[in-house]
Amino acid sequence: DSSLGLTNLPIELSRRALQKKDFILTIMVVGKSGLGKSTLINSMFLTDICEYVASIAPKTVSIEAKSVSLRENGINLLLTIVDTPGFGDSIDNTNCLIPIIEFLEKQHDNHLKLELGHSTPVCDLRVHCCLYFIQPTGHSLKPLDIQFMKTLSNKVNIIPVIAKADTLTPEERTEFKTQIMKDITENDIKIYEFPNLLGDIEEYKQNKLFKSKVPFAVMGANTVIEINGKKVRARKYAWGTAEVENLEHCDFVALKSMLLHKHLQDVIDVTDNVFYLDYKRNKLAQILS
Ligand code: GDP
Ligand code: MG
(Lines give C-alpha, C1' and ligand atoms only; values in the text may rest on other atoms or scores of the structure.)
(Ligands and ions follow the chains in the order given, each with its own letter.)
Protein backbone atom coordinates (compact mmCIF):
# COMPACT_ATOMS: atom_id res chain seq x y z
CA ASP A 1 0.00 0.00 0.00
CA SER A 2 1.58 3.23 -1.08
CA SER A 3 -0.76 5.50 0.85
CA LEU A 4 0.14 7.68 3.78
CA GLY A 5 -1.99 5.46 5.95
CA LEU A 6 -3.71 8.28 7.75
CA THR A 7 -6.80 6.11 7.93
CA ASN A 8 -4.88 3.91 10.38
CA LEU A 9 -5.20 6.66 12.94
CA PRO A 10 -6.58 5.64 16.33
CA ILE A 11 -10.33 5.96 16.67
CA GLU A 12 -10.40 9.25 18.58
CA LEU A 13 -8.21 10.85 15.94
CA SER A 14 -10.36 9.59 13.10
CA ARG A 15 -13.32 11.06 14.93
CA ARG A 16 -11.51 14.37 15.13
CA ALA A 17 -10.85 14.09 11.43
CA LEU A 18 -14.55 13.56 10.84
CA GLN A 19 -15.15 16.84 12.60
CA LYS A 20 -13.08 18.26 9.77
CA LYS A 21 -10.28 19.50 11.90
CA ASP A 22 -6.90 19.55 10.29
CA PHE A 23 -3.82 18.11 11.84
CA ILE A 24 -0.98 20.55 12.01
CA LEU A 25 2.31 18.75 12.30
CA THR A 26 5.75 20.31 12.30
CA ILE A 27 8.77 18.08 12.18
CA MET A 28 12.35 19.28 12.46
CA VAL A 29 15.18 17.23 11.02
CA VAL A 30 18.67 17.63 12.41
CA GLY A 31 21.94 15.92 11.54
CA LYS A 32 25.03 16.31 9.40
CA SER A 33 24.41 16.76 5.70
CA GLY A 34 24.34 13.63 3.62
CA LEU A 35 22.77 11.46 6.31
CA GLY A 36 19.60 10.99 4.28
CA LYS A 37 17.27 13.42 6.07
CA SER A 38 15.57 14.69 2.92
CA THR A 39 15.30 11.22 1.45
CA LEU A 40 13.69 9.85 4.61
CA ILE A 41 11.13 12.64 4.79
CA ASN A 42 10.25 12.19 1.14
CA SER A 43 9.92 8.43 1.67
CA MET A 44 7.73 8.96 4.70
CA PHE A 45 5.31 11.42 3.13
CA LEU A 46 5.56 10.11 -0.43
CA THR A 47 6.21 13.54 -1.76
CA ASP A 48 9.21 15.58 -2.72
CA ILE A 49 8.92 18.06 0.09
CA CYS A 50 12.68 18.17 0.56
CA GLU A 51 15.21 18.86 -2.14
CA TYR A 52 18.37 16.92 -2.58
CA VAL A 53 20.65 19.90 -2.83
CA ALA A 54 23.97 19.10 -1.29
CA SER A 55 25.11 22.03 0.82
CA ILE A 56 28.73 22.93 0.36
CA ALA A 57 29.79 22.93 4.01
CA PRO A 58 28.12 26.17 5.03
CA LYS A 59 29.72 28.03 7.91
CA THR A 60 26.50 28.49 9.84
CA VAL A 61 23.32 26.59 10.33
CA SER A 62 20.36 27.90 8.39
CA ILE A 63 16.76 27.09 9.16
CA GLU A 64 14.47 26.28 6.26
CA ALA A 65 10.78 25.58 6.69
CA LYS A 66 8.63 24.10 3.96
CA SER A 67 4.94 23.34 4.25
CA VAL A 68 2.71 21.05 2.30
CA SER A 69 -0.93 20.13 2.70
CA LEU A 70 -1.52 16.40 2.45
CA ARG A 71 -4.99 15.02 2.05
CA GLU A 72 -6.14 11.47 2.37
CA ASN A 73 -9.66 10.12 2.79
CA GLY A 74 -10.95 13.41 4.06
CA ILE A 75 -8.13 13.83 6.54
CA ASN A 76 -6.01 16.92 6.11
CA LEU A 77 -2.48 17.07 7.37
CA LEU A 78 -0.74 20.39 7.25
CA LEU A 79 2.84 19.28 7.36
CA THR A 80 5.82 21.52 7.82
CA ILE A 81 9.35 20.22 7.62
CA VAL A 82 11.98 22.35 9.28
CA ASP A 83 15.38 21.52 7.87
CA THR A 84 18.64 22.67 9.44
CA PRO A 85 21.27 22.52 6.70
CA GLY A 86 24.78 23.11 7.92
CA PHE A 87 24.30 21.42 11.28
CA GLY A 88 27.48 19.63 12.34
CA ASP A 89 29.20 20.33 9.04
CA SER A 90 31.89 22.69 10.27
CA ILE A 91 35.11 21.87 12.06
CA ASP A 92 33.98 24.00 14.99
CA ASN A 93 30.35 23.33 15.79
CA THR A 94 30.11 25.26 19.04
CA ASN A 95 27.46 27.65 17.75
CA CYS A 96 25.42 25.06 15.91
CA LEU A 97 22.65 24.94 18.49
CA ILE A 98 21.98 28.65 18.79
CA PRO A 99 19.93 29.22 15.60
CA ILE A 100 17.93 26.06 16.33
CA ILE A 101 17.09 27.12 19.89
CA GLU A 102 16.22 30.60 18.64
CA PHE A 103 13.87 29.15 16.04
CA LEU A 104 12.09 26.91 18.55
CA GLU A 105 11.66 29.74 21.05
CA LYS A 106 10.53 32.18 18.41
CA GLN A 107 7.62 29.88 17.56
CA HIS A 108 6.60 29.63 21.21
CA ASP A 109 6.91 33.38 21.48
CA ASN A 110 4.65 33.95 18.47
CA HIS A 111 2.06 31.68 20.02
CA LEU A 112 2.29 33.39 23.41
CA LYS A 113 1.85 36.83 21.85
CA LEU A 114 -1.21 35.51 20.07
CA GLU A 115 -2.61 34.07 23.29
CA LEU A 116 -2.08 37.37 25.05
CA GLY A 117 -3.80 39.17 22.21
CA HIS A 118 -0.68 41.07 21.21
CA SER A 119 -0.61 40.01 17.61
CA THR A 120 -2.58 38.65 14.72
CA PRO A 121 -2.40 34.95 13.92
CA VAL A 122 0.64 33.78 12.02
CA CYS A 123 1.36 30.26 10.90
CA ASP A 124 1.82 28.09 14.01
CA LEU A 125 5.24 26.53 13.49
CA ARG A 126 5.80 25.16 16.96
CA VAL A 127 7.94 22.08 16.40
CA HIS A 128 6.23 18.88 17.54
CA CYS A 129 9.17 16.61 17.15
CA CYS A 130 12.78 16.62 16.16
CA LEU A 131 14.18 13.66 14.28
CA TYR A 132 17.84 13.58 15.26
CA PHE A 133 19.95 11.69 12.73
CA ILE A 134 22.87 9.72 14.16
CA GLN A 135 25.70 8.83 11.83
CA PRO A 136 25.85 5.04 11.32
CA THR A 137 29.38 4.67 12.68
CA GLY A 138 28.62 1.65 14.83
CA HIS A 139 30.66 3.17 17.65
CA SER A 140 28.95 5.58 20.01
CA LEU A 141 27.36 9.00 20.13
CA LYS A 142 29.61 11.92 19.29
CA PRO A 143 30.04 14.90 21.62
CA LEU A 144 27.85 17.03 19.32
CA ASP A 145 25.06 14.40 19.41
CA ILE A 146 25.14 14.43 23.19
CA GLN A 147 25.32 18.21 23.39
CA PHE A 148 22.41 18.64 21.00
CA MET A 149 20.08 16.10 22.56
CA LYS A 150 20.93 17.15 26.11
CA THR A 151 20.39 20.84 25.45
CA LEU A 152 17.27 20.49 23.32
CA SER A 153 15.50 17.70 25.17
CA ASN A 154 13.74 20.14 27.47
CA LYS A 155 12.54 22.21 24.53
CA VAL A 156 11.27 19.69 22.00
CA ASN A 157 10.35 16.01 21.62
CA ILE A 158 13.52 14.36 20.40
CA ILE A 159 13.31 11.10 18.48
CA PRO A 160 16.77 9.71 17.71
CA VAL A 161 17.22 7.73 14.52
CA ILE A 162 20.20 5.87 13.11
CA ALA A 163 20.70 7.12 9.55
CA LYS A 164 21.36 4.87 6.56
CA ALA A 165 20.70 1.69 8.48
CA ASP A 166 21.38 -0.34 5.34
CA THR A 167 25.08 0.35 5.85
CA LEU A 168 25.15 -1.67 9.09
CA THR A 169 24.77 -5.42 9.48
CA PRO A 170 21.97 -6.58 11.82
CA GLU A 171 24.52 -7.40 14.53
CA GLU A 172 26.24 -4.04 14.20
CA ARG A 173 22.87 -2.35 14.38
CA THR A 174 21.86 -4.14 17.58
CA GLU A 175 25.16 -3.34 19.26
CA PHE A 176 25.05 0.26 18.09
CA LYS A 177 21.53 0.70 19.45
CA THR A 178 22.57 -0.69 22.84
CA GLN A 179 25.55 1.66 22.94
CA ILE A 180 23.44 4.69 21.97
CA MET A 181 20.84 3.96 24.65
CA LYS A 182 23.66 3.57 27.17
CA ASP A 183 25.11 6.94 26.13
CA ILE A 184 21.66 8.51 26.39
CA THR A 185 21.10 7.16 29.91
CA GLU A 186 24.60 7.95 31.15
CA ASN A 187 24.39 11.52 29.89
CA ASP A 188 21.01 12.02 31.45
CA ILE A 189 19.35 12.82 28.11
CA LYS A 190 15.57 12.76 28.02
CA ILE A 191 14.32 11.66 24.63
CA TYR A 192 10.63 11.49 23.72
CA GLU A 193 9.02 8.51 25.37
CA PHE A 194 6.31 6.84 23.36
CA PRO A 195 3.29 6.04 25.54
CA ASN A 196 2.07 2.51 26.05
CA LEU A 197 -1.07 1.54 24.21
CA LEU A 198 -3.52 -0.29 26.41
CA GLY A 199 -6.69 -1.89 25.16
CA ASP A 200 -6.32 -4.38 22.35
CA ILE A 201 -3.66 -7.00 23.18
CA GLU A 202 -2.34 -7.09 19.61
CA GLU A 203 -2.01 -3.35 19.57
CA TYR A 204 -0.34 -3.36 22.97
CA LYS A 205 2.21 -5.91 21.75
CA GLN A 206 2.98 -4.13 18.50
CA ASN A 207 3.36 -0.80 20.28
CA LYS A 208 5.73 -2.38 22.77
CA LEU A 209 7.75 -3.96 19.98
CA PHE A 210 8.00 -0.70 18.02
CA LYS A 211 8.88 1.16 21.21
CA SER A 212 11.79 -1.20 21.77
CA LYS A 213 13.22 -0.21 18.39
CA VAL A 214 14.25 3.28 19.56
CA PRO A 215 16.64 4.59 18.24
CA PHE A 216 14.95 3.62 14.97
CA ALA A 217 17.42 2.36 12.39
CA VAL A 218 15.99 3.97 9.28
CA MET A 219 16.67 4.19 5.59
CA GLY A 220 15.10 6.04 2.72
CA ALA A 221 15.05 5.70 -1.04
CA ASN A 222 13.93 7.76 -4.01
CA THR A 223 13.65 4.75 -6.23
CA VAL A 224 10.72 2.43 -6.60
CA ILE A 225 11.32 -1.08 -7.89
CA GLU A 226 9.08 -4.03 -8.53
CA ILE A 227 9.33 -7.08 -6.30
CA ASN A 228 6.94 -9.96 -6.91
CA GLY A 229 4.67 -7.68 -8.87
CA LYS A 230 4.57 -5.11 -6.08
CA LYS A 231 6.08 -1.67 -6.36
CA VAL A 232 8.26 -0.90 -3.35
CA ARG A 233 10.69 1.78 -2.30
CA ALA A 234 14.08 0.18 -2.08
CA ARG A 235 17.81 0.53 -2.45
CA LYS A 236 19.29 -1.85 -4.93
CA TYR A 237 22.75 -3.32 -4.45
CA ALA A 238 24.78 -5.83 -6.42
CA TRP A 239 24.09 -8.39 -3.68
CA GLY A 240 20.45 -7.68 -3.04
CA THR A 241 17.74 -5.19 -2.25
CA ALA A 242 17.04 -3.24 0.91
CA GLU A 243 13.36 -2.41 1.19
CA VAL A 244 12.36 0.73 3.04
CA GLU A 245 9.02 -0.63 4.22
CA ASN A 246 10.20 -4.08 5.20
CA LEU A 247 10.51 -4.42 8.98
CA GLU A 248 13.13 -7.10 8.52
CA HIS A 249 15.30 -4.66 6.65
CA CYS A 250 14.93 -1.53 8.77
CA ASP A 251 12.72 0.28 11.31
CA PHE A 252 11.15 2.75 8.88
CA VAL A 253 7.64 1.32 9.27
CA ALA A 254 7.96 1.34 13.06
CA LEU A 255 8.93 5.02 13.10
CA LYS A 256 6.21 5.99 10.66
CA SER A 257 3.56 4.05 12.52
CA MET A 258 4.57 5.35 15.95
CA LEU A 259 4.83 8.97 14.86
CA LEU A 260 2.02 9.32 12.34
CA HIS A 261 -0.53 6.75 13.41
CA LYS A 262 -0.22 5.69 17.01
CA HIS A 263 1.07 8.79 18.77
CA LEU A 264 0.49 11.79 16.53
CA GLN A 265 -1.82 13.37 19.10
CA ASP A 266 0.61 12.70 21.94
CA VAL A 267 3.58 14.48 20.35
CA ILE A 268 1.28 17.42 19.70
CA ASP A 269 -0.09 17.34 23.27
CA VAL A 270 3.35 17.11 24.88
CA THR A 271 4.48 20.10 22.82
CA ASP A 272 1.48 22.07 24.04
CA ASN A 273 1.29 20.89 27.63
CA VAL A 274 4.96 20.53 28.47
CA PHE A 275 7.28 22.52 26.22
CA TYR A 276 5.04 25.44 25.37
CA LEU A 277 3.72 25.72 28.92
CA ASP A 278 7.27 25.71 30.22
CA TYR A 279 8.24 28.48 27.86
CA LYS A 280 5.18 30.49 28.82
CA ARG A 281 5.78 30.07 32.55
CA ASN A 282 9.41 31.21 32.26
CA LYS A 283 8.55 34.10 30.02
CA LEU A 284 5.76 35.39 32.26
CA ALA A 285 7.97 35.00 35.33
CA GLN A 286 10.62 37.09 33.57
CA ILE A 287 8.13 39.78 32.67
CA LEU A 288 6.74 39.94 36.21
CA SER A 289 10.09 40.03 37.99
P1 GDP B 1 20.56 15.06 3.73
O2 GDP B 1 21.69 15.99 3.39
O3 GDP B 1 20.68 14.56 5.13
O4 GDP B 1 19.21 15.65 3.45
O5 GDP B 1 20.75 13.75 2.81
P6 GDP B 1 20.01 13.36 1.42
O7 GDP B 1 18.64 12.86 1.70
O8 GDP B 1 20.15 14.49 0.49
O9 GDP B 1 20.89 12.11 0.96
C10 GDP B 1 22.27 12.20 0.73
C11 GDP B 1 22.74 10.99 -0.09
O12 GDP B 1 22.59 9.79 0.68
C13 GDP B 1 21.97 10.77 -1.37
O14 GDP B 1 22.87 10.33 -2.35
C15 GDP B 1 20.98 9.67 -1.03
O16 GDP B 1 20.63 8.90 -2.14
C17 GDP B 1 21.75 8.85 -0.02
N18 GDP B 1 20.85 8.22 0.96
C19 GDP B 1 19.74 8.76 1.48
N20 GDP B 1 19.17 7.90 2.35
C21 GDP B 1 19.95 6.81 2.39
C22 GDP B 1 19.87 5.56 3.11
O23 GDP B 1 18.97 5.30 3.90
N24 GDP B 1 20.89 4.67 2.88
C25 GDP B 1 21.90 4.91 2.02
N26 GDP B 1 22.81 3.97 1.87
N27 GDP B 1 22.00 6.06 1.34
C28 GDP B 1 21.03 7.00 1.52
MG1 MG C 1 18.68 17.57 2.89
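**The shell around ligand 1**

Mentor: The element α2 supplies the largest share of the shell around ligand 1, namely three residues. Helices (DSSP runs of H or I, at least four residues) and strands (DSSP runs of E, at least two residues) are numbered from the N terminus. The model is a predicted one, in which local features need pLDDT of at least 70 and side-chain atom pairs count only at pLDDT 80 or more, while totals for chains, interfaces and linings use all residues; side-chain values use heavy atoms, with hydrogens and water left out. Residues are numbered from 1 along each chain as its sequence is written, and chains are lettered from A and ligands numbered from 1 in the order in which they are written.

Confidence comes next. The pLDDT score (the predictor's confidence in each residue, from 0 to 100) has a mean of 89 over the protein, and 89% of the residues reach 70 or more. For the complex, the predictor gives an ipTM of 0.99 and a pTM of 0.93.

Back to the ligand. Ligand 1 is surrounded by 14 residues, and the closest are Gly34, Lys37, Ser38, Thr39 and Asp166. A residue counts as near a molecule or strand if one of its heavy atoms lies within 4 Å of it. By class, three residues of the shell are nonpolar, seven are polar and four are charged. In this scheme Ala, Val, Leu, Ile, Met, Phe, Trp, Tyr, Cys and Pro are nonpolar, Asp, Glu, Lys and Arg are charged, and the others, Gly among them, are polar.

Several polar contacts can be listed by atom. The term covers a pair of N or O atoms within 3.5 Å; within protein, one must be able to donate a hydrogen and the other to accept it, and residues adjacent in sequence count only if both atoms are side-chain atoms. An oxygen atom of ligand 1 lies 2.7 Å from a backbone N or O atom of Gly34. A side-chain N or O atom of Arg235 is 3.1 Å from a nitrogen atom of ligand 1. For the side chain of Tyr237, the distance from an N or O atom to a nitrogen atom of ligand 1 is 3.4 Å. The protein buries 77% of the 580 Å² that ligand 1 exposes when taken alone. These accessible areas come from the Shrake-Rupley method with a 1.4 Å probe; for residues, only the protein chains shown count as cover. Two or more residues of the shell come from each of α2 (37-45) and β8 (230-237).

Strands pair if DSSP finds at least two bridges between them. Four bridges join β7 to β8, including Ile225 with Val232 and Glu226 with Lys231. Two residues separate β7 and β8 in a hairpin, and Asn228 in the turn has a positive phi of about 50°. A hairpin of two residues joins β8 to β9.

There is also a six-strand open sheet of mixed pairing, in the order β2-β3-β1-β4-β5-β6. β2 (residues 64-72) and β3 (residues 75-83) are antiparallel over nine bridges; in β3, Leu77 is the bridge partner of Leu70, and Ile81 stands opposite Lys66. The β2-β3 hairpin has two residues between its strands, and Asn73 in the turn has a positive phi of about 45°.

Two loop details remain. Val214 and Pro215 are joined by a cis peptide bond with omega about -5°, and Pro215 sits in the loop between α6 (201-211) and β6 (216-217). Asp188, in the loop between α5 (170-186) and α6, is a residue other than glycine with a positive phi, near 60°.
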